[in-house]
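Here's a quick tour to read with the model open in your viewer.

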Amino acid sequence: MLMLTAALCLFIAASAQVGAAIPLVIYGDDDYPPYSYVEHGQLKGIYTEIVREAAQSMPQYAVQLRPVPWKRGLLMLQTGEAFALYPPYSWRSERPYVRYSVPLLMEQLVVLCNQDVLARRALRQWPADYGGLHIGVNAGFLLGDAAQTASMRAEKIVIDPAKGTRTNLLKLMRGRIDCYVSDRLSAQWELQRIRRVGQPGTPMQALQTIQETAQLASQQGHLGFTARQPAAYPYRDDFIEQFNAAIVRMQHSGAIRRIVDRALLP
């Protein structure tokens, strides 16, 4: 610890002498609208704006935000190739290679199912009533802890990962999966976009047959930092401390609420 602290002091001192901020890269999910996504080549979304505004209040760091496929981003955290990634949920035992910021935002996970499934069975209790169904999730998404995973395995639920909310919703509309577990706001936002622009090969009436059948536990998104390769990131502890303080200030000032409200304007 003393060696790391000394290395950090030297690193910051060297940067200060040349008048330069410490450059670093933070990665964001490239396909999780409206939270973090790429549009016209730019990384956008609610979490993107939260992280960007917090970073702007830390002038000693020159932060660049880059998009990455979620599963790839998690692997980069695991190997230490990436310094930070947003927005993982806090699964500490399942992802021991991640350190977490203070929570950025609360998300509500729900189960969405198509009409064909609803016509065949009553879906009242998760996961007991979903036995044998094919459940879509975003690639790299953890649906629960070890106990939840064991419960789903006992019910013979088949987890079918695919990249991004839009892909999973289209699979649901086309009957290629039975249900999809997603953040409610993300699913609603993407369904509205599909409704506006349409999708070749997908009957629009299928939009009306997607129903929310269960509400799962709420989860909080964080900025996740790699716990690996500490020598590569001697500034990590200082950055986490300052970033957390910036987020708390934004929560108290209402800045995060304003970012969310702007993102949801029609």
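Gln229 sits in the loop that runs between strand S13 (224-226) and H9. Keep in mind that this is a predicted model. Gln229 has a positive phi of about 50° even though it is not a glycine, and at 45% relative accessibility it counts as partly exposed.

- Most residues other than glycine have a negative phi, and most peptide bonds are trans.
- His40 also has a positive phi, about 55°, without being a glycine. You'll find His40 in the loop between S3 and S4.
- Is His40 buried or exposed? His40 is exposed, with a relative accessible area of 77%.
- Tyr86 and Pro87 are joined by a cis peptide bond, with omega at about 5°. Pro87 belongs to the loop between strand S6 (84-86) and strand S7 (98-100).
- Trp126 and Pro127 are also linked by a cis peptide bond, and here omega is about 0°. Look for Pro127 in the loop between H4 and S9.

**The chain overall**

- There are 10 helices and 13 strands in the chain.
- Of its 266 residues, 48% count as buried.
- Take the contacts between residues at least 6 apart in sequence: 74% of them join residues at least 24 apart.

**The five-stranded sheet**

- Which order do the strands take in the open sheet of 5? The order is S10-S9-S11-S8-S12, and the pairing is mixed.
- Strand S10 (158-162) and strand S12 (211-221) are at the edges with a single partner strand each, so one side of each has no neighbour in the sheet.
- On average, neighbouring strands of this sheet are turned by 25° against each other, direction ignored.
- At the S10 end, strand S9 (residues 134-138) pairs with S10 in the parallel sense over 5 bridges. One spot to check is His134, which stands opposite Val158 in S10.
- Strand S8 (residues 105-113) has 8 of its 9 residues buried, so S8 is largely enclosed by the rest of the structure.
- S8 pairs with S12 in the antiparallel sense, over 8 bridges. Met106 stands opposite Gln220 in S12.
- S8 also pairs with strand S11 (residues 179-183), again antiparallel, over 5 bridges. There, Val110 stands opposite Ser182 in S11.

**The three-stranded sheet**

- An open sheet of 3 strands runs in the order S2-S3-S4, with antiparallel pairing.
- Its edge strands are strand S2 (31-32) and strand S4 (42-44), and each of them pairs on one side only.
- S2 and strand S3 (residues 36-39) run antiparallel and are joined by 2 bridges. Tyr32 has Ser36 in S3 as its bridge partner.

**The nonpolar core**

- The largest nonpolar core has 53 residues, and the ones touching the most other members are Ile26, Val111, Trp126, Tyr130, Val181, Phe239 and Phe243.
- Which helix gives the most to this core? Helix H9 (residues 236-253) does, with 6 residues.
- Leaving out residues up to four places away in sequence, Phe243 touches Val51, Ala54, Met58, Ser101, Leu104 and Leu223.

**H9 against H10**

- H9 packs against helix H10 (residues 255-263) at an angle of about 75°, with the axes 5 Å apart. That makes H9 roughly perpendicular to H10.
- From H9, Ile247, Met250, Gln251 and Ser253 meet Ala255, Ile256, Arg258 and Ile259 in H10.
- Sorted by class, this contact has 5 nonpolar, 2 polar and 1 charged residues.

**Two more residues to look up**

- Arg121 is in the loop between helix H4 (115-120) and S9. Arg121 is partly exposed, with a relative accessible area of 29%.
- What does Arg121 touch, not counting residues up to four places away in sequence? Its contacts are Asp129, Tyr130, Gly131 and Leu133.
- Thr167 lies in helix H6 (residues 165-173) and counts as partly exposed at 36% relative accessibility.
- Thr167 and Gly136 are 31 residues apart in sequence, and their C-alpha atoms are 9.7 Å apart in space.

How values were computed
Residues are numbered from 1 along each chain as its sequence is written. This is a predicted model: local features need pLDDT of at least 70, side-chain atom pairs count only at pLDDT 80 or more; totals for chains, interfaces and linings use all residues. Side-chain values use heavy atoms; hydrogens and water are left out. Two strands pair if DSSP finds at least two bridges between them. Helices (H or I, at least four residues) and strands (E, at least two) are DSSP runs, numbered from the N terminus. Axes are lines fitted to C-alpha atoms, for helices over the stretch in contact, and angles run from 0 to 180 degrees between N-to-C directions. A nonpolar core is a set of buried Ala, Val, Leu, Ile, Met, Phe, Trp, Tyr and Cys residues joined through side-chain atoms within 4.5 Å. Buried means under 20% relative accessible area, exposed over 50%, partly exposed in between (1.4 Å probe, protein chains only). Contact means heavy atoms within 4.5 Å. Angles under 35 degrees count as roughly parallel, over 145 as roughly antiparallel, 65 to 115 as roughly perpendicular and the rest as oblique. Ala, Val, Leu, Ile, Met, Phe, Trp, Tyr, Cys and Pro count as nonpolar, Asp, Glu, Lys and Arg as charged, and the others, Gly among them, as polar.
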